[in-house]
Amino acid sequence: MNRQSPHLEPLPSPEFGAPAPDPAQVDPLVLGALLHRHGWLRRGGAAGRYGRWTPPAPYATGGGGTSLLVPESRAFPDCADLLEEALTALSRSALPSAREVLYGLSVPSDEIRWDREIPRGAHGLQGEADWTVQEQLRSAARRLLLAGALADRARAGYYGARHRGQAERALDGVLVGPDPGGRRLTAYMPVDGGRGTMTRLHHALHAAREAVDYRRATGGMEAFDAAVEAGVSRELAEALIALVRGSEGARVALAWAPAAGVPAGCAARPEPVEFSPGDLPVLREAAARYTRDEPAVPVRVAGAVVRMRRSASGGGGTVRVRVFAGAEIPYVRVALDEESYRVAGHAHLVGLPIRVSGRLQRRGGFRRLTDVTDVTPVPLDEVERDRLMKSLDDAFDPAEVLPSDD
(Lines give C-alpha, C1' and ligand atoms only; values in the text may rest on other atoms or scores of the structure.)
Protein backbone atom coordinates (compact mmCIF):
# COMPACT_ATOMS: atom_id res chain seq x y z
CA MET A 1 0.00 0.00 0.00
CA ASN A 2 1.12 3.59 -0.51
CA ARG A 3 3.06 5.19 2.31
CA GLN A 4 1.64 8.31 3.85
CA SER A 5 5.02 10.03 3.65
CA PRO A 6 8.56 9.03 2.73
CA HIS A 7 10.65 7.56 5.54
CA LEU A 8 13.86 9.40 6.41
CA GLU A 9 16.70 7.21 7.66
CA PRO A 10 19.03 8.44 10.42
CA LEU A 11 22.73 8.94 9.77
CA PRO A 12 24.69 5.76 10.56
CA SER A 13 25.91 5.71 14.15
CA PRO A 14 29.67 6.27 14.56
CA GLU A 15 31.75 3.27 15.58
CA PHE A 16 35.21 3.49 17.10
CA GLY A 17 37.75 2.54 14.47
CA ALA A 18 35.29 2.82 11.56
CA PRO A 19 37.09 3.32 8.24
CA ALA A 20 37.55 6.91 7.15
CA PRO A 21 37.16 8.07 3.52
CA ASP A 22 40.18 7.48 1.32
CA PRO A 23 42.51 10.50 1.85
CA ALA A 24 43.52 10.30 -1.80
CA GLN A 25 39.91 11.05 -2.79
CA VAL A 26 39.36 13.95 -0.38
CA ASP A 27 39.69 17.55 -1.51
CA PRO A 28 41.20 19.61 1.36
CA LEU A 29 39.03 22.59 0.41
CA VAL A 30 35.87 20.45 0.66
CA LEU A 31 36.94 19.12 4.05
CA GLY A 32 37.56 22.66 5.31
CA ALA A 33 34.19 23.84 3.99
CA LEU A 34 32.36 20.98 5.73
CA LEU A 35 34.16 21.58 9.01
CA HIS A 36 33.20 25.26 8.88
CA ARG A 37 29.57 24.41 8.03
CA HIS A 38 29.26 22.07 11.00
CA GLY A 39 30.61 24.49 13.56
CA TRP A 40 34.31 23.73 13.68
CA LEU A 41 36.52 26.78 14.14
CA ARG A 42 39.78 27.53 12.44
CA ARG A 43 42.23 28.71 15.09
CA GLY A 44 45.49 29.58 13.42
CA GLY A 45 47.86 27.47 11.37
CA ALA A 46 50.36 28.37 8.68
CA ALA A 47 48.71 30.73 6.21
CA GLY A 48 48.57 29.26 2.72
CA ARG A 49 49.74 25.87 4.02
CA TYR A 50 47.38 24.38 6.61
CA GLY A 51 44.82 25.37 9.24
CA ARG A 52 44.18 24.13 12.77
CA TRP A 53 40.50 23.31 13.35
CA THR A 54 38.88 22.77 16.75
CA PRO A 55 35.47 21.19 17.51
CA PRO A 56 32.37 23.32 17.98
CA ALA A 57 31.50 24.48 21.50
CA PRO A 58 31.11 23.01 24.05
CA TYR A 59 33.47 20.28 22.84
CA ALA A 60 36.39 22.61 22.08
CA THR A 61 37.41 22.63 25.74
CA GLY A 62 37.51 20.12 28.52
CA GLY A 63 38.93 17.25 26.47
CA GLY A 64 35.69 16.61 24.57
CA GLY A 65 37.38 16.81 21.19
CA THR A 66 40.66 17.11 19.40
CA SER A 67 42.07 19.64 16.97
CA LEU A 68 42.72 18.79 13.33
CA LEU A 69 45.43 19.97 10.99
CA VAL A 70 43.94 20.36 7.51
CA PRO A 71 46.07 21.36 4.50
CA GLU A 72 44.75 24.14 2.30
CA SER A 73 45.66 22.39 -0.94
CA ARG A 74 47.33 19.27 -2.26
CA ALA A 75 50.41 21.37 -3.06
CA PHE A 76 51.38 21.21 0.64
CA PRO A 77 54.14 18.57 0.96
CA ASP A 78 52.59 16.70 3.90
CA CYS A 79 49.04 16.89 2.50
CA ALA A 80 48.39 13.13 2.36
CA ASP A 81 49.66 12.51 5.90
CA LEU A 82 47.69 15.38 7.41
CA LEU A 83 44.49 14.33 5.64
CA GLU A 84 44.90 10.74 6.83
CA GLU A 85 45.41 11.89 10.42
CA ALA A 86 42.45 14.27 10.27
CA LEU A 87 40.09 11.69 8.79
CA THR A 88 41.17 9.03 11.28
CA ALA A 89 40.52 11.43 14.16
CA LEU A 90 37.05 12.24 12.79
CA SER A 91 36.18 8.57 12.33
CA ARG A 92 37.12 7.87 15.97
CA SER A 93 35.25 10.88 17.33
CA ALA A 94 31.86 10.55 19.01
CA LEU A 95 30.90 14.12 18.06
CA PRO A 96 27.77 14.37 15.89
CA SER A 97 29.51 16.99 13.75
CA ALA A 98 32.36 14.56 12.98
CA ARG A 99 29.89 12.01 11.68
CA GLU A 100 28.19 14.66 9.55
CA VAL A 101 31.49 15.82 8.04
CA LEU A 102 32.51 12.25 7.18
CA TYR A 103 29.15 11.58 5.54
CA GLY A 104 29.47 14.77 3.50
CA LEU A 105 32.87 13.59 2.26
CA SER A 106 31.67 10.06 1.45
CA VAL A 107 28.36 10.98 -0.21
CA PRO A 108 28.31 14.54 -1.62
CA SER A 109 25.01 15.85 -0.30
CA ASP A 110 23.06 19.07 -0.17
CA GLU A 111 21.81 19.89 3.31
CA ILE A 112 18.51 21.28 4.51
CA ARG A 113 18.00 22.35 8.12
CA TRP A 114 14.77 23.07 9.93
CA ASP A 115 14.76 25.18 13.11
CA ARG A 116 11.63 25.60 15.24
CA GLU A 117 11.12 27.97 18.15
CA ILE A 118 9.29 25.82 20.64
CA PRO A 119 7.54 27.48 23.60
CA ARG A 120 9.56 26.90 26.74
CA GLY A 121 6.76 24.99 28.43
CA ALA A 122 6.48 22.49 25.59
CA HIS A 123 10.24 22.13 25.24
CA GLY A 124 10.67 21.36 28.89
CA LEU A 125 8.30 18.39 28.79
CA GLN A 126 9.75 14.89 28.91
CA GLY A 127 8.70 11.47 27.75
CA GLU A 128 5.71 11.13 25.47
CA ALA A 129 5.16 14.88 25.06
CA ASP A 130 8.81 15.43 24.09
CA TRP A 131 8.62 12.58 21.56
CA THR A 132 5.47 14.17 20.07
CA VAL A 133 7.29 17.47 19.47
CA GLN A 134 10.16 15.63 17.75
CA GLU A 135 7.79 13.65 15.55
CA GLN A 136 5.93 16.81 14.54
CA LEU A 137 9.20 18.23 13.21
CA ARG A 138 10.17 15.02 11.42
CA SER A 139 6.72 14.74 9.84
CA ALA A 140 6.78 18.34 8.62
CA ALA A 141 10.29 17.81 7.22
CA ARG A 142 9.19 14.72 5.30
CA ARG A 143 6.23 16.59 3.85
CA LEU A 144 8.35 19.52 2.75
CA LEU A 145 10.87 17.26 1.00
CA LEU A 146 8.02 15.41 -0.69
CA ALA A 147 6.56 18.71 -1.94
CA GLY A 148 9.95 19.56 -3.46
CA ALA A 149 10.23 16.16 -5.10
CA LEU A 150 6.71 16.52 -6.56
CA ALA A 151 7.55 19.94 -7.98
CA ASP A 152 10.71 18.52 -9.54
CA ARG A 153 8.52 16.17 -11.60
CA ALA A 154 5.76 18.56 -12.65
CA ARG A 155 4.25 21.92 -11.74
CA ALA A 156 0.79 21.89 -10.20
CA GLY A 157 -1.12 23.74 -7.54
CA TYR A 158 -2.40 20.44 -6.16
CA TYR A 159 -0.95 16.99 -6.87
CA GLY A 160 -3.09 14.63 -4.84
CA ALA A 161 -1.98 11.12 -5.79
CA ARG A 162 -0.28 12.26 -9.00
CA HIS A 163 3.50 11.64 -9.21
CA ARG A 164 3.56 10.61 -5.56
CA GLY A 165 5.17 7.22 -6.09
CA GLN A 166 8.05 8.68 -8.09
CA ALA A 167 8.52 11.52 -5.61
CA GLU A 168 8.67 9.13 -2.65
CA ARG A 169 11.24 6.94 -4.40
CA ALA A 170 13.37 10.03 -5.07
CA LEU A 171 13.70 10.50 -1.30
CA ASP A 172 14.84 6.98 -0.50
CA GLY A 173 18.47 8.06 -0.10
CA VAL A 174 17.80 10.96 2.30
CA LEU A 175 19.38 10.69 5.75
CA VAL A 176 18.74 12.85 8.82
CA GLY A 177 20.91 13.85 11.75
CA PRO A 178 19.94 13.67 15.43
CA ASP A 179 16.93 15.77 16.43
CA PRO A 180 16.92 16.12 20.25
CA GLY A 181 14.12 18.25 21.64
CA GLY A 182 12.25 18.75 18.39
CA ARG A 183 13.93 22.12 17.78
CA ARG A 184 16.35 21.33 14.96
CA LEU A 185 16.61 18.71 12.23
CA THR A 186 19.09 18.38 9.37
CA ALA A 187 18.59 16.22 6.28
CA TYR A 188 21.25 15.19 3.78
CA MET A 189 20.10 14.85 0.17
CA PRO A 190 22.62 13.07 -2.09
CA VAL A 191 23.49 15.25 -5.08
CA ASP A 192 23.22 12.20 -7.31
CA GLY A 193 19.45 11.97 -7.80
CA GLY A 194 18.43 14.65 -5.31
CA ARG A 195 19.81 17.91 -6.65
CA GLY A 196 16.60 18.62 -8.60
CA THR A 197 14.46 18.33 -5.46
CA MET A 198 16.72 20.68 -3.51
CA THR A 199 16.91 23.22 -6.34
CA ARG A 200 13.14 23.27 -6.61
CA LEU A 201 12.76 23.68 -2.85
CA HIS A 202 15.18 26.62 -2.94
CA HIS A 203 12.97 28.46 -5.42
CA ALA A 204 9.66 27.33 -3.91
CA LEU A 205 10.43 28.41 -0.36
CA HIS A 206 11.44 31.91 -1.41
CA ALA A 207 8.42 32.19 -3.72
CA ALA A 208 6.11 31.10 -0.89
CA ARG A 209 7.64 33.69 1.45
CA GLU A 210 7.18 36.44 -1.15
CA ALA A 211 3.58 35.37 -1.86
CA VAL A 212 2.70 35.40 1.85
CA ASP A 213 4.25 38.86 2.23
CA TYR A 214 2.29 40.12 -0.80
CA ARG A 215 -0.99 38.78 0.60
CA ARG A 216 -0.39 40.34 4.02
CA ALA A 217 0.63 43.69 2.49
CA THR A 218 -1.99 44.04 -0.26
CA GLY A 219 -4.74 41.54 0.47
CA GLY A 220 -4.26 39.90 -2.95
CA MET A 221 -3.60 36.21 -3.63
CA GLU A 222 -2.32 36.61 -7.21
CA ALA A 223 1.28 35.97 -6.16
CA PHE A 224 0.36 32.41 -5.22
CA ASP A 225 -0.79 31.76 -8.80
CA ALA A 226 2.59 32.83 -10.20
CA ALA A 227 4.39 30.89 -7.45
CA VAL A 228 3.18 27.56 -8.85
CA GLU A 229 5.83 27.76 -11.56
CA ALA A 230 8.46 28.09 -8.81
CA GLY A 231 7.18 24.91 -7.14
CA VAL A 232 4.66 26.23 -4.61
CA SER A 233 1.63 23.96 -4.17
CA ARG A 234 -1.00 22.89 -1.71
CA GLU A 235 1.40 20.19 -0.55
CA LEU A 236 4.15 22.73 0.16
CA ALA A 237 1.73 25.10 1.93
CA GLU A 238 0.47 22.28 4.15
CA ALA A 239 4.04 21.22 4.95
CA LEU A 240 4.82 24.76 6.09
CA ILE A 241 1.64 24.83 8.16
CA ALA A 242 2.69 21.60 9.87
CA LEU A 243 6.17 23.03 10.48
CA VAL A 244 4.97 26.29 12.06
CA ARG A 245 1.88 25.07 13.92
CA GLY A 246 2.54 24.72 17.66
CA SER A 247 5.73 26.78 17.49
CA GLU A 248 6.65 30.44 17.83
CA GLY A 249 8.17 30.39 14.36
CA ALA A 250 10.31 28.24 12.09
CA ARG A 251 12.97 28.68 9.47
CA VAL A 252 14.40 26.52 6.70
CA ALA A 253 18.00 26.83 5.50
CA LEU A 254 19.70 25.11 2.54
CA ALA A 255 23.40 24.55 1.89
CA TRP A 256 24.92 23.07 -1.25
CA ALA A 257 27.41 20.20 -1.29
CA PRO A 258 30.89 21.80 -1.52
CA ALA A 259 32.10 19.02 -3.82
CA ALA A 260 29.28 19.61 -6.34
CA GLY A 261 29.19 23.40 -6.47
CA VAL A 262 26.19 25.71 -6.73
CA PRO A 263 23.29 24.73 -9.03
CA ALA A 264 22.47 27.11 -11.88
CA GLY A 265 20.08 29.89 -10.94
CA CYS A 266 20.54 29.50 -7.17
CA ALA A 267 22.27 31.65 -4.59
CA ALA A 268 25.67 30.38 -3.48
CA ARG A 269 24.68 30.82 0.19
CA PRO A 270 20.88 30.83 0.30
CA GLU A 271 19.32 33.00 2.98
CA PRO A 272 17.19 31.06 5.50
CA VAL A 273 13.46 31.40 4.90
CA GLU A 274 11.37 32.11 7.99
CA PHE A 275 7.67 31.63 8.70
CA SER A 276 5.70 32.68 11.78
CA PRO A 277 2.31 31.82 13.30
CA GLY A 278 1.00 35.04 11.73
CA ASP A 279 1.54 33.44 8.31
CA LEU A 280 -0.72 30.46 9.04
CA PRO A 281 -4.04 32.02 7.91
CA VAL A 282 -2.48 32.98 4.56
CA LEU A 283 -0.94 29.53 4.07
CA ARG A 284 -4.29 27.88 4.84
CA GLU A 285 -6.01 30.20 2.38
CA ALA A 286 -3.41 29.34 -0.27
CA ALA A 287 -3.85 25.59 0.29
CA ALA A 288 -7.61 25.89 -0.14
CA ARG A 289 -7.16 28.06 -3.24
CA TYR A 290 -4.83 25.54 -4.88
CA THR A 291 -7.26 22.70 -4.16
CA ARG A 292 -10.20 24.64 -5.57
CA ASP A 293 -8.51 25.99 -8.70
CA GLU A 294 -6.51 23.00 -9.95
CA PRO A 295 -8.39 21.85 -13.08
CA ALA A 296 -9.51 18.33 -13.94
CA VAL A 297 -7.10 16.55 -16.28
CA PRO A 298 -8.19 14.70 -19.45
CA VAL A 299 -6.48 11.29 -19.51
CA ARG A 300 -6.59 7.93 -21.21
CA VAL A 301 -5.35 5.30 -18.79
CA ALA A 302 -4.59 1.60 -19.09
CA GLY A 303 -4.76 -0.67 -16.08
CA ALA A 304 -6.10 -3.80 -14.43
CA VAL A 305 -9.51 -3.94 -12.77
CA VAL A 306 -8.92 -5.03 -9.16
CA ARG A 307 -12.28 -4.24 -7.59
CA MET A 308 -15.88 -4.01 -8.79
CA ARG A 309 -18.98 -2.84 -6.97
CA ARG A 310 -22.59 -1.97 -7.82
CA SER A 311 -25.74 -1.74 -5.76
CA ALA A 312 -27.87 -4.11 -7.85
CA SER A 313 -27.37 -6.97 -10.32
CA GLY A 314 -28.23 -4.70 -13.24
CA GLY A 315 -27.16 -1.20 -14.15
CA GLY A 316 -23.83 0.52 -13.84
CA GLY A 317 -21.31 0.48 -11.02
CA THR A 318 -17.86 1.50 -9.86
CA VAL A 319 -14.56 -0.21 -10.62
CA ARG A 320 -11.12 0.31 -9.13
CA VAL A 321 -8.27 0.20 -11.64
CA ARG A 322 -4.60 -0.31 -10.90
CA VAL A 323 -3.02 2.14 -13.35
CA PHE A 324 -0.18 0.96 -15.60
CA ALA A 325 0.02 3.89 -18.01
CA GLY A 326 -1.60 7.23 -18.82
CA ALA A 327 -1.51 8.91 -15.39
CA GLU A 328 1.03 9.17 -12.56
CA ILE A 329 -1.25 7.63 -9.93
CA PRO A 330 -1.32 4.09 -8.53
CA TYR A 331 -5.11 3.54 -8.59
CA VAL A 332 -8.17 5.29 -9.94
CA ARG A 333 -11.89 4.84 -9.22
CA VAL A 334 -14.11 4.84 -12.31
CA ALA A 335 -17.91 5.19 -12.41
CA LEU A 336 -19.31 3.22 -15.39
CA ASP A 337 -22.68 2.78 -17.08
CA GLU A 338 -24.15 -0.71 -17.48
CA GLU A 339 -22.47 -1.57 -20.80
CA SER A 340 -19.04 -0.28 -19.76
CA TYR A 341 -19.34 -2.09 -16.44
CA ARG A 342 -20.05 -5.32 -18.32
CA VAL A 343 -16.97 -4.81 -20.51
CA ALA A 344 -14.79 -4.14 -17.46
CA GLY A 345 -16.20 -7.20 -15.68
CA HIS A 346 -15.44 -9.46 -18.62
CA ALA A 347 -11.88 -8.13 -18.86
CA HIS A 348 -11.46 -8.72 -15.13
CA LEU A 349 -12.65 -12.32 -15.38
CA VAL A 350 -10.33 -13.25 -18.27
CA GLY A 351 -7.32 -11.40 -16.86
CA LEU A 352 -7.10 -8.53 -19.35
CA PRO A 353 -6.38 -4.87 -18.58
CA ILE A 354 -8.64 -2.15 -19.94
CA ARG A 355 -8.19 1.27 -21.48
CA VAL A 356 -10.54 4.06 -20.48
CA SER A 357 -10.79 7.78 -21.26
CA GLY A 358 -12.15 10.45 -18.92
CA ARG A 359 -11.36 13.42 -16.73
CA LEU A 360 -9.22 12.97 -13.63
CA GLN A 361 -10.98 14.98 -10.93
CA ARG A 362 -9.25 16.89 -8.14
CA ARG A 363 -11.92 15.76 -5.68
CA GLY A 364 -10.45 12.91 -3.67
CA GLY A 365 -6.88 13.77 -4.66
CA PHE A 366 -7.09 13.01 -8.41
CA ARG A 367 -8.12 9.42 -7.79
CA ARG A 368 -11.50 9.56 -9.53
CA LEU A 369 -12.29 9.42 -13.26
CA THR A 370 -15.50 11.06 -14.55
CA ASP A 371 -17.09 11.66 -17.98
CA VAL A 372 -15.88 8.18 -18.95
CA THR A 373 -15.84 6.96 -22.55
CA ASP A 374 -14.22 4.23 -24.64
CA VAL A 375 -13.88 1.38 -22.15
CA THR A 376 -12.07 -1.36 -24.08
CA PRO A 377 -10.07 -4.50 -23.16
CA VAL A 378 -6.37 -4.54 -24.05
CA PRO A 379 -5.35 -7.75 -25.89
CA LEU A 380 -2.31 -9.53 -24.43
CA ASP A 381 -0.28 -12.52 -25.57
CA GLU A 382 0.30 -15.43 -23.19
CA VAL A 383 3.61 -14.14 -21.85
CA GLU A 384 2.24 -10.64 -21.18
CA ARG A 385 -0.83 -12.07 -19.45
CA ASP A 386 1.30 -14.25 -17.14
CA ARG A 387 3.47 -11.23 -16.32
CA LEU A 388 0.36 -9.16 -15.56
CA MET A 389 -1.15 -11.78 -13.27
CA LYS A 390 2.14 -12.22 -11.41
CA SER A 391 2.46 -8.46 -10.85
CA LEU A 392 -1.09 -8.34 -9.49
CA ASP A 393 -0.41 -11.29 -7.17
CA ASP A 394 2.76 -9.61 -5.86
CA ALA A 395 0.83 -6.41 -5.13
CA PHE A 396 -2.21 -8.19 -3.63
CA ASP A 397 -3.72 -6.51 -0.58
CA PRO A 398 -6.95 -7.92 0.89
CA ALA A 399 -7.98 -4.41 1.95
CA GLU A 400 -7.81 -3.18 -1.65
CA VAL A 401 -9.21 -6.09 -3.69
CA LEU A 402 -12.71 -7.53 -3.65
CA PRO A 403 -14.10 -10.28 -5.90
CA SER A 404 -16.25 -9.27 -8.85
CA ASP A 405 -19.97 -9.14 -8.14
CA ASP A 406 -20.82 -10.28 -11.69
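**Exercise 1.** Decide whether F224 is buried or exposed in this predicted model.

Solution. The relative accessibility of F224 is 1%. The cut-off for buried is under 20%, so F224 counts as buried.

**Exercise 2.** Classify the pair formed by the rings of F224 and Y290, and state which helices it ties together.

Solution. Step 1: the ring centres of F224 and Y290 are 6.3 Å apart, and pairing requires centres within 6.5 Å. Step 2: the planes stand at 80 degrees, so this pair is edge-to-face. Step 3: F224 belongs to helix 8 (residues 222–227) and Y290 to helix 10 (residues 280–293), so the pair links parts 66 residues apart in sequence. Step 4: Y290 has a relative accessible area of 5% and is buried.

**Exercise 3.** The structure holds three aromatic pairs. Classify the one made by Y103 and Y188, and locate both residues.

Solution. Step 1: the centres of the Y103 and Y188 rings lie 5.8 Å apart, with planes at 75 degrees. Step 2: planes over 60 degrees apart count as edge-to-face, so the Y103 and Y188 pair is edge-to-face. Step 3: Y103 is in helix 3 (residues 96–106), while Y188 is in strand 7 (residues 184–190); the pair therefore ties together parts 85 residues apart in sequence. Step 4: Y103 is buried at 13% relative accessible area, and Y188 is buried at 1%.

**Exercise 4.** Which rings do R162 and R320 lie over?

Solution. Step 1: R162 is over the face of F366, 3.8 Å from the ring centre. Step 2: R320 places its charged end over the ring of Y331, at 4.5 Å from the centre.

How values were computed: Residues numbered from 1 in each chain as written. Predicted model: local features only at pLDDT ≥ 70, side-chain atom pairs only at ≥ 80, totals over all residues. Heavy atoms only, no water. Phe/Tyr/Trp six-rings, centres within 6.5 Å; stacked < 30°, edge-to-face > 60°. Helix = DSSP H or I, 4+ residues; strand = E, 2+ residues; numbered from the N terminus. Buried < 20%, exposed > 50% of the residue type's maximum accessible area, 1.4 Å probe, protein only. Lys NZ or Arg CZ within 6 Å of the ring centre and 35° of its normal.
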